[in-house]
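Please open the structure in your viewer and keep the selection panel at hand. The tour below moves from one selection to the next.

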Amino acid sequence: MTDFSSALSVAASGMRAQAQRLTHVSENIANADTPGYQRKVTSFEVERGMGAPEGAVRPGPVRLDQTALPVIFDPTHPMADETGSYEGSNVDLVIELADAREAQRSYEANLRIFDQIRQMSSSLNELLRR
């Protein structure tokens, strides 16, 4: 694999991983008010295997945030128990928005790298044709 194609593969793997991360963040935000919902989190792993360039990443397994679910007192809620309480969601919108912004910026950085490598490759091909 050439250096250009390796670099393109690494940048593309970063974009795929950040897109997956944004999917989980959006699911968390959509379920922030769902009783009993546990926040989804993922980390990145080094991509290994045949043909995987050094530095490529992929999303790791999805895990559920083990932070305790808040107990909400609302006797009128349909899921309230005999004490008038139910378990809420452990999604913190501030954290989700920060994660979304970080994933977006990382995606954009990988996209810029991808585009620059593509431009460099195109320029090099033009020089070689002369």
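What covers the buried residues of H1? The cover includes strand E1 (40-41), strand E2 (44-46), strand E3 (57-59) and H2, where helices (H or I, at least four residues) and strands (E, at least two) are DSSP runs numbered from the N terminus.

Before selecting anything, note that this is a predicted model, in which local features need pLDDT of at least 70 and side-chain atom pairs count only at pLDDT 80 or more, while totals for chains, interfaces and linings use all residues. Residues are numbered from 1 along each chain as its sequence is written, and side-chain values use heavy atoms, with hydrogens and water left out.

**Whole chain.** Start with everything shown: the protein has 2 helices and 6 strands, in the order α-β-β-β-β-β-β-α from the N terminus on. Its C-alpha trace spans about 80 × 25 × 15 Å along the principal axes. The radius of gyration is 21 Å, whereas a compact globule of 130 residues would be near 14 Å; the value is taken over C-alpha atoms, and the globule rule is 2.2 Å times the number of residues to the power 0.38. Of the 130 residues, 26% count as buried, that is, under 20% relative accessible area, with exposed meaning over 50% and partly exposed in between (1.4 Å probe, protein chains only).

**Helix H1.** Among the buried residues of H1 are Ala11, Gly14, Met15, Gln18, Arg21 and Val25. In an α-helix there are 3.6 residues a turn, so residues three or four places apart point the same way.

**Helix H2.** Now select residues 93-129, where H2 has 37 residues and reaches 54 Å, close to the 54 Å expected.

**Leu64.** Finally, move to strand E4 (residues 63-64), in which Leu64 lies. Leu64 counts as partly exposed because its relative accessibility is 43%. Leaving aside neighbours within four places in sequence, Leu64 is in contact (heavy atoms within 4.5 Å) with Gln38, Arg39 and Lys40. To end, draw a C-alpha to C-alpha distance from Leu64 to Ser5: they are 59 residues apart in sequence and 35 Å apart in space.

Note on methods
Expected span 1.5 Å × (residues − 1).
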